[in-house]
There are 2 protein chains.
Amino acid sequence: MNCHLSHAISHNQPPVILQQDQVNALLPLLDVKNELTAMFRSLGQSHAVQPPQTLTLLPQDAGDFITYSGAMAEQEVFGAKLSPYLITETAPVITAWTSLMSQRTGQPLLWCDSALLTTERTAGTTALAVDYLAKAKSSELAIIGSGAIALAHLRHVKNLRQWQSIRVYSPSLANDEKRRAAFTAIDERVVFCTSSESCIVGADVLMLCTSSGTPVVTNEQLSPGVLVTSISTNVANAHEVSPSLLLNADVYCDYKATTPDSAGEMVLAATELSWNKEEIKGDLPDLVNANCPLPDFSKAVFFRSIGLGLEDIAMAYGLWKLLQNQQQ
Amino acid sequence: MNCHLSHAISHNQPPVILQQDQVNALLPLLDVKNELTAMFRSLGQSHAVQPPQTLTLLPQDAGDFITYSGAMAEQEVFGAKLSPYLITETAPVITAWTSLMSQRTGQPLLWCDSALLTTERTAGTTALAVDYLAKAKSSELAIIGSGAIALAHLRHVKNLRQWQSIRVYSPSLANDEKRRAAFTAIDERVVFCTSSESCIVGADVLMLCTSSGTPVVTNEQLSPGVLVTSISTNVANAHEVSPSLLLNADVYCDYKATTPDSAGEMVLAATELSWNKEEIKGDLPDLVNANCPLPDFSKAVFFRSIGLGLEDIAMAYGLWKLLQNQQQ
């Protein structure tokens with residue numbers, strides 16, 4: 001993201017609404033990696049701010065909504081994503097919409113459906129970490145999980161290393177041919193494992209893409225040098241790895257200022273195992289700005305993200321730039 | 001606001017954007033008093049929630065933005081107003097936009113310019129308090145201030161009592177014929193005072209509509225039974241009355257859960273004068289639900305508002321209902 005380019009883009013047009021099908025049509029044009037890299041670079045240079053996310057409980061136990069906000073100075077935008085979790089008689093309704101505004105004019109720029117964008121920025125953030133933290137010669141990729149997040153993770157990392165083996169495991173895949181086809185449509189190298197153990201063993205990069213609240217991998221399964229990525233869920237103290245892994249791994253995260261107080265295994269390691277968040281070796285703002293040591297691969301490497309409002313703002317800004325360029 | 005009526009309104013249409021001129025055109029149709037009354041009734045019955053407002057400082061001292069959010073269960077809506085204060089080489093840019101979403105579908109309903117709406121809801125909230133707290137036989141109205149907020153206050157209270165005298169004072173009015181004409185266009189009974197003292201003396205209701213950070217009226221100028229309303233500004237510890245007034249008045253506010261920790265004179269009275277916020281006799285949720293004593297007029301009555309996100313949500317919801325009814 002070039003500062004002068006952003007200044008050339010007009011902040012003076014009427015705001016745009018993008019519904020899900022319109023976002024879907026624009027997604028292939030969105031350079032997620034570039035947008036996230038620019039944002040994390042700004043954040044590391046204090047050209048962006050990330051306020052804490054806020055949770056609001058809806059009246060009468062109807063659910064909640066989370067507000068994710070952020071501001072980027074060079075791009076001259078700020079905004080907020082509102083994401084409700086609405087309890088219904090059947091499945092809960094979960095949506096997300098991001099409003100993007102101009103820091104130059106104070107006027108609105110874009111209101112966009114962010115359901116797909118949230119998946120993209122989550123996977124794109126993991127991929128950014130993989131690119132910085134995985135051994136250059138990583139050849140074996142393992143993915144635990146089979147949801148939309150897992151598919152997006154595969155899409156974002158498949159070209160980052162010269163994978164010789166891509167293994168996927170989820171208990172639900174055995175009887176879901178359609179979902180298996182979705183994986184092989186992204187990368188025909190994918191093979192499906194019949195057990196978690198056979199998926200994990202020998203992996204150079206292990207991406208945990210589950211909504212599990214308890215560990216899906218044991219410390220003993222992790223060899224020195226392996227990179228484990230985890231996203232987990234918003235559930236209190238949810239964790240995909242054992243809190244004790246943090247005592248024996250090089251630990252990184254998406255944003256040091258917020259992640260350690262939210263990520264379940266970090267909270268548990270701090271309260272029960274005397275782990276100190278100061279031991280985190282770096283976060284994405286550090287990595288993008290070369291402000292922290294890289295792993296020496298003498299231990300396992302753990303990367304944890306919880307997701308930032310700034311990632312949502314960066315995605316909305318990326319879409320808005322695409323619309324501006326289409327109009328020129 | 002009738003619960004069953006709201007259920008009859010569709011939450012399934014594409015979201016609408018209303019820019020300032022469109023909001024302006026709809027404003028005469030908006031029943032501010034009714035919308036605010038319904039919202040405060042819900043809030044008092046725990047059918048609405050009001051999270052704290054959040055202030056985010058923009059990078060590189062460019063200003064800030066405040067997020068005002070809220071949710072209303074009966075109306076099945078939630079949302080947030082984003083209001084930036086942007087520092088420029090000349091005057092600061094201040095805007096406000098509210099995004100309204102459906103609690104039923106999780107989908108967006110309306111994104112509207114809220115600059116005018118903020119003025120309306122602020123004046124409408126004061127007017128609601130005047131209707132509950134001013135003596136029934138109030139006949140003398142005094143207004144200090146001459147901005148858009150003062151004009152809106154006059155508009156919202158002019159028919160609430162049988163005013164025999166409406167006096168306005170602001171130092172700037174002496175040389176501003178156009179602004180004086182704006183007042184008399186709203187109510188031809190308005191007379192302009194040449195001093196603050198002559199405006200205040202004898203008033204039954206005194207509405208302070210200034211952005212002053214220090215008192216614009218002394219305690220000695222206030223007779224027993226007079227109602228003083230104050231909105232002040234967001235500046236730290238700004239106050240239009242002396243903190244000591246709170247020791248000698250019946251004190252009310254817009255929302256007990258948040259106002260005492262933000263309103264300058266309340267913060268100062270608590271820290272310097274041992275005033276206790278438990279002494280507040282009631283707030284608008286209490287008044288609308290008849291859950292607090294009314295003043296006995298043996299002392300001055302003081303009403304302080306700081307403004308709630310729910311007021312913004314209520315205004316956006318009112319506009320959205322108007323649009324729905326126009327389409328039917």
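1. Across the interface of chain A and chain B in this predicted model, 4 residue pairs are found in polar contact, both partners being at pLDDT 80 or more, while the count of salt bridges across that interface is 0.

2. On the side of chain A that touches chain B, at least two residues each come from β1 (16-18), β2 (48-49), β3, β4, β5 (77-86), β7 (97-102) and β8 (108-113) of chain A. The element that gives the most to this side is β5(A), with 6 residues. Sorted by class, the side of chain A that touches chain B holds 27 nonpolar, 16 polar and 1 charged residues.

3. In terms of contacts, 44 residues of chain A meet 44 residues of chain B, and the two chains bury about 3300 Å² between them, with 75% of that area on carbon and sulfur atoms. Within chain A, the residues that lose the most area to chain B are A:Pro59, A:Leu82 and A:Trp111, which together account for 18% of what that side buries.

4. One of these three, A:Pro59, deserves a separate look. A:Pro59 is placed in the loop between β3 (54-57) and β4 (63-72) of chain A, and, once its neighbours within four places in sequence are left aside, A:Pro59 is in contact with B:Ser46, B:His47, B:Ala48, B:Val49, B:Ala71, B:Ala73 and B:Gln103.

5. Is A:Pro59 buried or exposed? With a relative accessible area of 3%, A:Pro59 counts as buried, because the cut-off for that term is under 20%.

Methods
Residues are numbered from 1 along each chain as its sequence is written. Chains are lettered from A and ligands numbered from 1 in the order in which they are written. This is a predicted model: local features need pLDDT of at least 70, side-chain atom pairs count only at pLDDT 80 or more; totals for chains, interfaces and linings use all residues. Side-chain values use heavy atoms; hydrogens and water are left out. Helices (H or I, at least four residues) and strands (E, at least two) are DSSP runs, numbered from the N terminus. Buried means under 20% relative accessible area, exposed over 50%, partly exposed in between (1.4 Å probe, protein chains only). Contact means heavy atoms within 4.5 Å. Buried area is the accessible area (1.4 Å probe) that two parts lose on being put together, summed over both. A salt bridge is a side-chain nitrogen of Lys or Arg within 4 Å of a carboxyl oxygen of Asp or Glu. A polar contact is a pair of N or O atoms within 3.5 Å; within protein, one must be able to donate a hydrogen and the other to accept it, and residues adjacent in sequence count only if both atoms are side-chain atoms. Ala, Val, Leu, Ile, Met, Phe, Trp, Tyr, Cys and Pro count as nonpolar, Asp, Glu, Lys and Arg as charged, and the others, Gly among them, as polar.
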